[in-house]
Structure formats: C-alpha cells, structure tokens
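Here is my note on the model you sent. The points are numbered so that you can check each one against the coordinates.

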Amino acid sequence: QVQLVESGGGLVQPGGSLRLSCAASGIIFGIYTLGWYRQAPGKQREFVASITRGNSANYADSVKDRFTISRDNAKKTVYLQMNSLKPGDTAVYYCRLVNTNYWGQGTQVTVSS
C-alpha cells in the first residue's frame, strides 16, 4: 500500500534551519507531483511547496526565498530545506501526493527561543 513517512522535524531557534524528508513506498514515485503542507494549532492546513515530476517548484509566498523543495526519485524521497525559520513557521508539516488523498502522518516543527 501507499506510505509516506516524514522525518526531520524538531525544535529550532529563530533564524535556524531544518531539513524535512518524506520517504514514499508503494507508488511509482517519479510520476507524481509531491507537496508539503503545514498546520499550525487552531489553523487550517495550508500549502507550503510542491514539486512536479519535471522538477518545477512552487511555493507559498510566506516561505518563498527561505524554503527549498527537492526530490530524489531514486530514493523515492522529497525534501524541504527550511532556512531563516521564524516562530510563525511552527506547525505540523505533512507531505502529500498532490491531487490524491495520500498524506504522511506529519512531523512537528517548533521554532522558539
């Protein structure tokens, strides 16, 4: 069956960096657009970034120039490099096969001093 497993979350100080990973199994990874989403406490889940099968990336305005999405089709993994983190980036981060109902379980990112 399809599985998406995120890792790499944690506690980081403002201005710091984290790299999230999402490993997929049970799919032909290379044909999908992959996305990262996040949900902060009391807020709706929101789009963060996506990357197509052709490596075209798209970002939410709030993370543009700070976050970078990438993929390694051989490893069936999508990454989210997050730099210059702010307290407002605190959320549970989820990966998703875009335009499907397949989501990972999420990984917590907390930005705090």
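1. **The charge over the rings.** The residue is Y94: the charged end of R45 sits over its ring, 3.7 Å from the centre. Keep in mind that this is a predicted model.

2. Y94 is buried, at 13% relative accessible area. W103 is partly exposed, at 30%.

3. **The salt-bridge network.** The whole structure holds 4 salt bridges. R38, E46, R66 and D89 are linked in a network of them. Start at E46, which forms a salt bridge with R38; the closest N and O atoms are 2.7 Å apart. R38 then meets D89 in a salt bridge of 2.9 Å, N to O. That pair links distant parts of the chain: R38 is in strand β4 (residues 34-39), D89 is in the loop between β8 (77-82) and β9, and 51 residues separate them. D89 also meets R66, at 2.8 Å from N to O. This pair too links distant parts of the chain, 23 residues apart, with R66 in the loop between β6 (57-59) and β7 (67-72).

4. Which members are buried, and which is partly exposed? R38 is at 6% relative accessibility, so it counts as buried. D89 is at 2%, so it counts as buried as well. R66 is also buried. E46 is at 36% and therefore counts as partly exposed.

5. **The four-stranded sheet.** Here 4 strands form an open sheet with antiparallel pairing, in the order β1-β3-β8-β7. β1 (3-7) and β7 are the edge strands, and each pairs on one side only. Neighbouring strands are turned by 15° against each other on average, direction ignored. β1 and β3 pair over 5 bridges. Within that pairing, V5 stands opposite A23 in β3. β3 (residues 18-25) is joined to β8 by 6 bridges, and those two strands run antiparallel. S21 has Y79 of β8 as its bridge partner.

6. **The two faces of β1.** In a regular strand, side chains alternate between the two faces of the sheet. In β1, L4 and E6 make up the covered face. The uncovered face has Q3, V5 and S7.

7. **The six-stranded sheet.** Another open sheet has 6 strands in the order β2-β10-β9-β4-β5-β6, and its pairing is mixed. β2 (10-12) and β6 stand at the edges with a single partner strand each, so one side of each is left without a neighbour in the sheet. Neighbouring strands of this sheet are turned by 25° against each other on average, direction ignored. What is the sense of pairing between β9 and β10, and over how many bridges? The two strands pair in the antiparallel sense, over 3 bridges. A91 stands opposite V109 in β10.

8. T100 lies in the loop between β9 (91-97) and β10 (107-111). Is T100 buried or exposed? T100 is buried, because its relative accessible area is 16% and the cut-off is under 20%. Its side chain makes contacts with backbone atoms. The side chain of T100 reaches the backbone oxygen of L97 at 2.6 Å. A polar atom of the T100 side chain also lies 3.1 Å from the backbone nitrogen of Y102.

Note on methods
Residues numbered from 1 in each chain as written. Predicted model: local features only at pLDDT ≥ 70, side-chain atom pairs only at ≥ 80, totals over all residues. Heavy atoms only, no water. Buried < 20%, exposed > 50% of the residue type's maximum accessible area, 1.4 Å probe, protein only. Polar contact = N/O pair within 3.5 Å; in protein donor to acceptor, adjacent residues only side chain to side chain. Salt bridge = Lys/Arg side-chain N within 4 Å of Asp/Glu carboxyl O. Pairing = 2+ DSSP bridges. Axes fitted to C-alpha atoms, helices over the stretch in contact; angles between N-to-C directions. Lys NZ or Arg CZ within 6 Å of the ring centre and 35° of its normal.
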